[in-house]
Structures are given as structure tokens and as C-alpha cells.
Number of protein chains: 2
Amino acid sequence: MRFERARRLMAEGGLGGLVATSYESVAHLSGATIMTQRFIPDRLAAVILPLEGDPTLVVCTVEEAQARRESRVRDIRAYVEFTESPIETIAGVIRERGLARARVGVEAKVLSMQHYQEISEFLEHALFESCDDLLGRLRMVKSEDEIELLGRAALSTDAAIRAAYDEAGVGTTDKEIADSIAIGIQRRGADSVAFLVLGAGPTASEAHPVALDRPLEPGDVVRCDVGGHYSGYYSDLARTAVVGAPTSAHRDLYERLWTIHEETISQAQPGIEAKELYFACEKAFKKCGMQLSLSHIGHSLGLGLHDAPILSPYDTTVLEEGMVLAIEPVHKDGGPIFHVEDLVVIAGDGPQILSRSSDWSELPVIGG
Amino acid sequence: MRFERARRLMAEGGLGGLVATSYESVAHLSGATIMTQRFIPDRLAAVILPLEGDPTLVVCTVEEAQARRESRVRDIRAYVEFTESPIETIAGVIRERGLARARVGVEAKVLSMQHYQEISEFLEHALFESCDDLLGRLRMVKSEDEIELLGRAALSTDAAIRAAYDEAGVGTTDKEIADSIAIGIQRRGADSVAFLVLGAGPTASEAHPVALDRPLEPGDVVRCDVGGHYSGYYSDLARTAVVGAPTSAHRDLYERLWTIHEETISQAQPGIEAKELYFACEKAFKKCGMQLSLSHIGHSLGLGLHDAPILSPYDTTVLEEGMVLAIEPVHKDGGPIFHVEDLVVIAGDGPQILSRSSDWSELPVIGG
């Protein structure tokens, strides 16, 4: 089914075959979620999909047992790391499939320069070109199972953040809140925490700070942006709170940001382009007397963290039912960042928010 | 100091400049630990180091505040994501430094094919070649501060594993042990968990399984391989245990593996080549009547997970004082994997083990 869709796109693009080498694409095409692809990029895994004929999964022998258990691709070739070249194995499969002189798609944003040079030497008559967009498009629309999984993941992460904010107070350190969020995510079904950003006080104006061992003071703005790994998929949510008694300026800023957030989400309808959602958000910022200062206001979420489409001023992807978007307006003016992020699925009867285990519409107060 | 070393190696290699784009190399050269380099590879960060003249750090405006706080490189150029091309910014700096026709090192194992093609178009007269080895060599020997940090990280992770194994018993699920390890790592000072492998029962023979919701049974072999992020550096340890009453075969296997482990560690002396340590381990396997079936028995650890040198049959790097190696013999024969991994610093007066918060020389028994 997913191979048929891929082949239709390949035929449209004039490709004789493709070689997927990202964690995301290998997982999507084969079903094998080989986590070391994220940490050890040298240990290449690849799906080779010819326009005609069977797909092949190439993995390191280290990952062979898992690949055989998980993969829907039946033809699996394993190479011995350091001794055998994964690129030579891949090139061999391309040759076998009669594609030595074909146009072959590769993930140009992911394949390393070294691997690209190596495969170009093995197959000097093949023409390698980017199929990043093709594979991005293939993964964009989620199945019901994927939406269910992403929803469970989002609710788990959201509940963990809420619990951590609820139990914190003046004097709690950034690190203690970060720990509490991480532990909550782990206990609520994540395989592990994927990333964990928490800023407050001196780091409240930075995009991706690591939590400090610094006790919270009244008036501090606390912002987290965190995600977990759930069966190979991501969660990704951001929540902002104020410690002690917020000022009216805090409340006003949060209220406006929330209005912008809700307005943007309501515009996430099938048929519009991704960039139109960016512009809708920009307009909502202006209407609230603020300025959108970031170059994107969200992204698709799934096997990848910043999957296509990206909600930037340049992405012309048309939104479709079944796309799952992390929508995240940010207020950034040099002072503490205010940032909210929710997960939304595009549907015919209006966008559905997947990520609210409780109500975040009013400014959350820590130790209030 | 690190720029001087880099420039000496660049001069030896005939490079007029280099462009570092990996998280590891950017962090090592500039001091800025930009964690999104790991998750969002499109959001390029780079250090450009000319043989003569000042280094430059290129980052996305999103990361600019953090970069300005952390970086020892003073010349920082920020690009607006999606609107400006990071490669164009990098190419501009190379031109400014008079390197438009020079030999320029790039991280060929890390730089994407797309970025490589783009930079080749901007600078058609420059000659780009791999400087992966050069940068790997630069990071290989650790400072005292780095060794201290890696030691603290290793002890924290080791203690978390020990505590999780101690509190587990028959009926505890894989996932509960994994959670307990992750929470322990988080509470013992990690910024977050980096990766978390736990196999038992049906997954005990796989290299990188995700923990299942399956209760442990007597006789199960449990193996974890986990690491945390600590101020930008990794921990990475593996420990194997048996549930309930181990058989004499379990005890015998573990005893032999531990003997091999200790023998290998004792051979980790300055002056030998990395591959000699592999062969020493292979010999120790044979002496114990077993076979080494993996293609490496460890790797350097630091800002990167599998840093150079790799303890494979092919790595001719000479071990030096101050290198920090994760040494990890594995017994793999189709049945449950037995795997132990410790962190060792190479020193003139013999290898020092950094990672044992308690004694693992006897087979750990869960619920014994």
C-alpha cells in the first residue's frame, strides 16, 4: 500500500528507484524502527525500492535480528560493520534490479557527502537526485493507528508537564521541574525522553536552554519544550507558566498568545497551503498588537521531529485530512519567551487538538 | 589552544581552512553545545576555521542567544532559517578569509549531500575534502575537566542501573526496569536520558530492543545499554543480569565474559593501536573458549557517542594518555546476549576505570 503510493510518486518524478536512508523513511517503508540510525549515522540502514520489483532492506548485522522481526520488507541483506561497505551492498542491490543506469532518488538532506561520493563511484552511470520531498510527502498523511499513537503520546507528555508544574513552587529548581517532567513522561508510557528544554530566569530568553540548578523566584517565567519517544514516534509540546503572583503584563501577554494560538489552530483546514497557516498566525499576532518574530510557527510530527510540511512562509504543501501538525506560536522580544505548542490533526469537520490533558487557556501559575 | 592544535593538523594536511558542522566538532571548537544540531540537522551550525585569521561561528538566529553566551568564538553570524541559506553564509565567510580557491576541509561523514552540492556551487573553485579524521583526532585526547565530567556521568549512570536491578524482582516488567534506570539517571544529574536499550526474554538476543511490558520470569537474562546527556557529553554503559536463580551455565558465561573484559581493559595502554586492543580482546575470547562475534569491542566517548578511535580490527590510531574509551565485550551466539561495558581512561600508570559505582565482577542476580 505504502509502496504503491511511493511508486506512483516515483513514476510521476521519473525515478527508476529510490534509496531511503533516514531513520524516518526506513521506519515508514519497512516498519523496522532502528534507533541507532539516530545516534550512529555511520551504521547505515537503507530501503531500496525499485519502480518495479521487490524492495530490499539493508542493515548492519548488529541490527539484523530486530529488522527480521519488525520489517515488512522480506528481502533483508546484512553487512558486517567496518569489514563490508553498506554502500557497496546498496549498490549491488541497485545493480541487481537493473538500475545501474537509472535515475535513482536518494535522501540528499540525510545522505552524507562521503556516502554520496562512494555510491557515485560504485554506480558511475546512475543519476542520483533528491527524493527528500517525495519521501516527506509519503509520510505526511497519517494512518488512524498513527494518529491514535501520536495522540496517546501527546496526552502523556502534556499530563507530565501539568503534573510537574502543579507540584513545583517558589524555591523548586529548574532542574527539579525538568526531572519531574522527564520522569512523568517516562512513567506515562514513553520508551524514553527524546529532548528536554527548560528555561527560567536567566535562560528564559533562550530557545533551547538546559535546566539549571537554580531555585525559582516569584515572577520567573518558566517555559518547557519537551518530547518523548513512543514506539518510534515523537511527542513535542511547549508550555509556559509564571512563578508566584503573575503581573497583569504576564497575564495579558499569555492571553494574547493564547488567542493567537487558538485562532491559528482554527485556520488549520484541509485545502490551504502550509504557508497560509503561517500568514494566518502572523496576522493574528498583528491583530493582538504583537509581532511574529520566528521563521516558522510549527511543523508536522511523526517518526521525525520536524517533518514536512513546515509551517514557514515558503512551504506550499496543501494541508490534507490526516496530517498531524505541531502548532507553536512563540512570543520573543529579548525578554522571557512565551511559547505554547499543541498537536493538531487536520480533519474534514475541523482541526482536532490531540494534546490537551487539561485546560491551558489561562496562564498557568507555579506555586500560586 | 585547541585552535592551535587544529591549525597544526590543518597545515600538515595542506588545508587552508575547515568547516565543522557536526554537533561534536562545533561544541568542541566553539564551546557552544547546540542540542538541536542532533535533532534538526537542517538547522545548520558551523565553525569556520581558517589556517590564518579568526574563526567564525555560524548559527541560526533561533540559537543565537545561547551561542553568544557559550561560545569562545567571538565572530558569530546568525542566519534566518528558511529565508537565508546557512551555506551561503558559510561560503561568504570562506570568501572573506580568502579561501575561495583553497583546499577546505569539511565533515564528509556529517555534511549532507545537499549541503555539499550547495557549497560546491557557491565556491566552485574551492576544493572540498574530508577532515573527519582531523577533527576526530582533535577531540580524542580529553582535558582533565572532560575526564572529570565523563567520570561523574559514568558513575551516575552506573549507580542508576545498580539501583534499578536491586529493586526489581520476578514479575517486574522490562518497562518498569527501564523506567527505573531512566529516572535514576535523570535524578543523578543527567540533563536527560540519551538512549535506553533494555532486552529480556524474547528480546534478549537483539542488539537494541525497546523495553516490553512483559513481566520477568525466573531464568530471564536482562541486559541494558544506556546513556545520558551530561552538559553536552555522553555516558554509555551496559550491564547484564539474570532473574531468580541463575544456572551454572549463566554463571560460567558471565565469569568468562568478565575475565575477558578485565583482560582487555588491562591491555588498554598508551602506545598500542586501537586495533591491537580489538585483537587482544579476540584472543581473550579464544582463551576462554568463546568467540568474539562483533566487529568492534568499544569506542571513544565524549561529545559524541561513537567517537574516534573505534576499537575495531581496522583502526590504527595509537592510544594516548587522556583518551576515554568505552570498552564493551559482547557474547552473542543467537541466545541471550551477555554484554558488559565500562568507561576507561588511558593513563601512564595503567588504565583507570571510571564507571564502577559498585562491584559487577559477579553475575548480578535480579530478585535473587
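A: On a 1 Å grid over the protein atoms alone, a pocket is an open set of points where a 1.4 Å probe fits, with protein on both sides within 12 Å along at least five of seven lines, and its volume is the space filled by probe spheres set on the points, which are joined across faces, edges and corners. The model is predicted, so local features need pLDDT of at least 70 and side-chain atom pairs 80 or more, while totals for chains, interfaces and linings use all residues, and side-chain values use heavy atoms, without hydrogens or water. Residues are numbered from 1 along each chain as written, and chains are lettered from A in the order in which they are written.

The second largest pocket holds about 900 Å³ of space. Its lining (residues with an atom within 4 Å of a point) has 41 residues, and the closest to the pocket centre are B:Thr33, B:Asp191, B:Tyr230, B:Ser231 and B:Gly232. Two or more lining residues come from each of S7 of chain A and, in chain B, helices H2 (23-30), H3 (36-39), H4 (64-70) and H8 (144-167) and strand S8 (221-230); here helices (H or I, at least four residues) and strands (E, at least two) are DSSP runs numbered from the N terminus. H8(B) gives the largest share of this lining, six residues.

Counting heavy atoms within 4.5 Å as contact, 57 residues of chain A and 57 residues of chain B take part. The buried area (accessible area, 1.4 Å probe, lost on being put together and summed over both parts) is about 5000 Å², and carbon and sulfur atoms give 61% of it. On the chain A side, A:Phe82, A:Met113 and A:His208 lose the most area to chain B, together 14% of what that side buries.

Four salt bridges (a Lys or Arg side-chain nitrogen within 4 Å of an Asp or Glu carboxyl oxygen) cross this interface. One of them joins A:Asp42 to B:Lys109, whose closest N and O atoms are 3.7 Å apart. In chain A, helices H3 (36-39), H4 (64-70), H6 (113-122) and H9 (174-187), together with strand S7 (192-200), each supply at least two residues of the side that touches chain B, and H9(A) gives the most, seven residues.

Technical notes. Buried area is the accessible area (1.4 Å probe) that two parts lose on being put together, summed over both.
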